[in-house]
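Please look over the chain shown here before reading on.

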Amino acid sequence: MWPDLRLRDTLLGAEALVAACQGRAVGGPEAWRAAQAQVRDDELRQFHVAVTRARDRLLVTAVSSTDEQPSAVLDLVDPGFRDRPPADAEPPLTLRGLVGELRRAAVGAHRAGDRPARDRAVQLLRRLAQEEVPGADPSSWWDAREVSSDRPVTADRPVRVSPSRVQTFLECPLRWFLTSRGADPGGGAGAAELGTLVHDIVADHPSASLAELTAQLDLRWPDLGLPAGWVADGERRRAQEMLTRYVAYSEQARLEGRELVGTELDLAVSVPPETPEHGHGVRLVGTVDRLERDGDGRLVVVDLKTGKTKPSADEVRDHPQLAAYQVAVEAGAFGAAGSGGALLAQLGGRGSVVQAQAPLAEAPDPAWARTVLLEAGAGMGAGRFVARDMGRSCRTCPARFSCPVAAEGGQR
């Protein structure tokens, strides 16, 4: 801990004020070296006071690891201490630590076929369990307990499904289940908040010009609370680019003969089951960013995306979220008009702004989206959720600490 050479000052800079009154340099390399020398002298005086308080014996220790190194002041106490080999420190002697060590020993001996060593560890754990030491009783070990319940999550009613969450379920059912039950804290800062701000601006002013949208951005920018600097400047440019792409999309939609019906429209519609495996069907509930009507009177759902990545053309063809929107339209979520397809408007990426999914009626199997949705709903209402290895996506999964596939979850 000695010497701690960080330069410290009072809240109101009293040391700098004293230096200025005494005619000493306040800033620059010379002032910095003088301040550090003063701190070093103070630290050495404190160390001297500490080591001279002992009456019978003085014990000085240090840690040597990848993160910590012995202090240079130890050379003042024992100049030859660096020539001696370091000693391995024993783990802290606590009951909880002993339980963990015995559990590891029991499992390791069992896997190695060393039955006597396993029995010794188990007997000690049994003794600790009798004394009610936390963690010693096998009934408290999660991996040794039976599943508490295998009943369906949803019974005797349609499964509530959000179109934006269908893809998450199809990719990894366990991630969908855990994040929908609190594993995803949400409310993240940075890109998510920036995207929300852009969404709110274009939803409130869907037909505004770029100048009008920019004025709204200037007005609402302080809501993000970003401190002034290059990070805020970069985010501000990104937001401006998103608005520019939105205006370009709006103009393209107008030229293609689509008119705006509304923004941020709620949908709630039931989709009945087609087979007994579909249970009681699903209840689609969500919000569409933008709803348009094409020249044939059909409704087109537009989902505004503010992220930097976008799916491929093949992925858009059977995109689950867009498919769910089309099923909702066909089921009468916004009246009797049929679906004219669904679009992704990429505001945050580069290249083409529009990625389109063809109308369901024009697909080789017009019922494909309905089938995917009902099968996903049946899985969401079931009692078992499988964890799937998604490669790089698993590294940022908020539920990885409770997932048996991830290293973090497998250690628990």
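Leaving aside its neighbours within four places in sequence, which residues is glycine 349 in contact with? Glycine 349 is in contact with Arg245, Gly307 and Lys308, where contact means heavy atoms within 4.5 Å. This is a predicted model, in which local features need pLDDT of at least 70 and side-chain atom pairs count only at pLDDT 80 or more, while totals for chains, interfaces and linings use all residues. Residues are numbered from 1 along each chain as its sequence is written, and side-chain values use heavy atoms, with hydrogens and water left out.

**Glycine 349**
- Glycine 349 sits in the loop between β5 (339-346) and β6 (354-357), strands being DSSP runs of E with at least two residues and helices runs of H or I with at least four, numbered from the N terminus.
- With a relative accessible area of 9%, glycine 349 is buried, a term for values under 20%, whereas exposed means over 50% and partly exposed in between (1.4 Å probe, protein chains only).
- Between the C-alpha atoms of glycine 349 and tyrosine 249, which are 100 residues apart along the chain, the separation is 13 Å.

**Positive phi angles**
- Glutamate 132 belongs to the loop between α5 (115-130) and β1 (159-161), and its phi is near 60°, a positive value in a residue other than glycine.
- Glutamate 132 is exposed, its relative accessible area being 70%.
- Glutamate 264, part of strand β2 (residues 259-271), has a positive phi of about 50° although it is not a glycine.
- Glutamate 264 is partly exposed, at a relative accessible area of 38%.
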